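Hello,

Here is the structure you asked about, with the sequence. My notes on its charged pairs and its surface follow below.

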Amino acid sequence: MTGEWRWEYDPDHDHVVGGIPAHVVAEVERLTGQLVDLASTGVDISDLGNGPRPGGLRRMDAAGGWFYFLVAPLNP
């Protein structure tokens with residue numbers, strides 16, 4: 001693993017956010033970018049938000065709603 005953090009849509013952008021208003025997608029992408037920035041500084045983001053401890057599917061309250069994310073290490 002390179003140690004570099006990133007986020008991605010899985011399976012793809014259209015499947016995950018197709019039909020969702022652009023301003024909502026932009027806000028979630030902004031918040032996700034902040035999670036990546038935190039992870040890059042060494043913060044364990046698998047313990048942020050609500051969900052099983054440690055890791056697992058996380059729910060983060062934000063912008064008057066919430067979104068779900070999963071911290072998944074990728075092996076090369």
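Glu8 is partly exposed, at a relative accessible area of 48% (buried is under 20%, exposed over 50%, partly exposed in between, with a 1.4 Å probe and protein chains only). Its side chain meets that of Arg6 in a salt bridge, 3.2 Å from N to O (a side-chain nitrogen of Lys or Arg within 4 Å of a carboxyl oxygen of Asp or Glu). Arg6 counts as exposed, at 55%.

This is a predicted model, in which local features need pLDDT of at least 70 and side-chain atom pairs count only at pLDDT 80 or more, while totals for chains, interfaces and linings use all residues. Residues are numbered from 1 along each chain as its sequence is written, and side-chain values use heavy atoms, leaving out hydrogens and water.

The structure holds three salt bridges. Another joins the side chains of Glu27 and Arg30, at 2.7 Å from N to O. Both residues lie in helix H2 (residues 22-40), three residues apart, about one turn of the helix. Glu27 is partly exposed at 25%, and Arg30 is partly exposed at 42%. Arg59 and Asp61 also meet through their side chains, at 3.2 Å from N to O; Arg59 is partly exposed at 28%.

On the surface, Leu57, Trp66, Tyr68 and Leu70 form a nonpolar patch with about 490 Å² of accessible area together. Strand E2 (residues 65-70) gives the largest share of the patch, three residues, and Leu57 is found in strand E1 (residues 57-62).

Regards

Methods. Patch = residues over 30% accessible without salt bridge, like charges linked within 9 Å, V, L, I, M, F, W, Y side chains within 5 Å. Areas by Shrake-Rupley, 256 points an atom, 1.4 Å probe, with all protein chains shown as cover. Helix = DSSP H or I, 4+ residues; strand = E, 2+ residues; numbered from the N terminus.
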